[in-house]
Amino acid sequence: MKIIVPMAGRGSRLRPHTLTIPKPLIPVAGKPIVHRLVSDIAKVLGESIEEIAFILGDPAFFGDDVVESLEELAKGLGAKASIYRQDEPLGTGHAIMSAKPSLSGPAVIAYADTLIRADFDLDKDADSVIWVKQVDRPEAYGVVKLNEKMEIVELVEKPKEFVSDLAVIGIYYFKDVGVLRDELQYVLENDIMHGGEYQINDGIKRMMHKGMKFVTGKVDEWMDCGNKAVTVETNQRMLSFLEKDGETLVSDTATTENANIIEPCFIGENVVLKNTTVGPYVSVGADTVIENSTVKNSLIQSNSIIKNANLDNAMIGNHVRYDGNFETISIGDYSVLE
């Protein structure tokens with residue numbers, strides 16, 4: 001089994017945090033988004049992962065440190081890491097084809113801006129499985145249309161009239177991803193574009209037209225990391241799941257002085273909490289110091305100093321110095337507010 005991970009986008013909706021760090025590497029509940037996604041997929045697949053292909057963007061942004069992080073992730077899962085570059089932002093289909101040498105055999109394709117909780121049950125008779133989540137507002141999503149056999153017969157983007165309430169979440173299984181590769185090659189060669197981009201859906205639709213069997217897989221939880229508000233919410237939900245799983249979330253190297261931690265919280269290595277209440281639903285990265293503050297429902301990354309703060313629904317980057325009494329903020333790396 002292979003895992004293909006397109007992650008070349010700059011994450012503009014999550015600025016300023018993504019001005020210095022690719023969105024898939026922003027930690028949620030103490031672990032980078034892409035690390036958590038790939039690890040969870042590998043765990044629920046229950047199969048040996050031979051290769052993980054990562055599709056990155058501009059080397060000036062997705063640099064050697066990013067490559068090293070992804071290679072360590074793959075190694076930890078017993079897999080080979082393959083690194084590819086998407087030189088231009090020309091859509092999902094173009095991104096996948098940037099990893100063309102790895103597009104053969106059974107594979108899962110997963111976009112690195114989402115997190116899930118699921119038990120994957122692969123239908124071995126199907127040519128492909130598209131994972132979906134039932135949603136309240138299907139008109140805001142791409143959805144699947146099913147026939148009487150509960151097979152997918154159409155993909156519909158943001159339907160104005162009701163088609164179904166099963167939204168595509170961006171995770172796909174292909175019994176042989178080489179078939180998708182060949183169809184996307186046709187899409188590229190014939191310049192089939194939508195909104196100036198080559199889309200994975202056009203390759204999938206060609207497979208459907210040739211009679212290949214597509215079925216749905218359903219996830220228990222689908223958590224987006226598209227912007228600051230939903231990322232803070234995803235952090236809350238993930239902390240709750242990890243607490244129920246019995247994971248240790250507070251590092252043994254964290255120190256507290258007249259401090260109170262209201263669980264669930266992730267507290268990283270060498271964090272210092274002084275005259276402070278943290279939680280619930282707070283993640284604090286390594287080597288951060290928080291003094292004389294109250295923090296809840298927030299993400300604070302590493303090597304930051306927070307003083308005299310009353311934070312709720314906040315997202316603070318790395319190497320930040322913050323001293324104040326603002327409540328709902330979003331500031332990126334190396335910022336100073338005093």
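Colleague: What is Lys2 in contact with, leaving aside its neighbours within four places in sequence?

Modeller: Lys2 is in contact with Glu50, Glu51, Ser102, Ser104, Pro106, Ala107 and Val108. Contact here means heavy atoms within 4.5 Å. Keep in mind this is a predicted model, where local features need pLDDT of at least 70, side-chain atom pairs count only at pLDDT 80 or more, and totals for chains, interfaces and linings use all residues. Residues are numbered from 1 along each chain as its sequence is written, and side-chain values use heavy atoms, with hydrogens and water left out.

Colleague: Does Lys2 count as buried or exposed?

Modeller: Lys2 counts as buried because its relative accessibility is 8%. Buried is under 20% relative accessible area, exposed is over 50%, and partly exposed is in between (1.4 Å probe, protein chains only).

Colleague: And which side chain does the side chain of Lys2 make a polar contact with?

Modeller: That of Ser104, at 3.1 Å. A polar contact is a pair of N or O atoms within 3.5 Å; within protein, one must be able to donate a hydrogen and the other to accept it, and residues adjacent in sequence count only if both atoms are side-chain atoms.

Colleague: Which strand does Lys2 lie in?

Modeller: Lys2 lies in β1. Strands (E, at least two residues) and helices (H or I, at least four) are DSSP runs, numbered from the N terminus. Strand β1 (residues 2-6) pairs with β6 in the parallel sense over three bridges, and Ile4 stands opposite Ile109 in β6. Two strands pair if DSSP finds at least two bridges between them.

Colleague: What else does β6 pair with?

Modeller: β11 (residues 166-174), in the antiparallel sense over four bridges. There, Tyr173 is the bridge partner of Val108.

Colleague: How are the faces of β6 covered?

Modeller: On one side Ala107 and Ile109 are buried, and on the other Val108 and Ala110 are too.

Colleague: New topic: which residues touch the most other members of the largest nonpolar core?

Modeller: Ile41, Phe54 and Ile171, out of 58 residues. Helix α1 (residues 33-45) gives the largest share of this core, eight residues. A nonpolar core is a set of buried Ala, Val, Leu, Ile, Met, Phe, Trp, Tyr and Cys residues joined through side-chain atoms within 4.5 Å.

Colleague: How many residues are in the second core?

Modeller: That separate core has 29 residues, including Leu155 and Val168. Leu155 in β10 is also the bridge partner of Val144.
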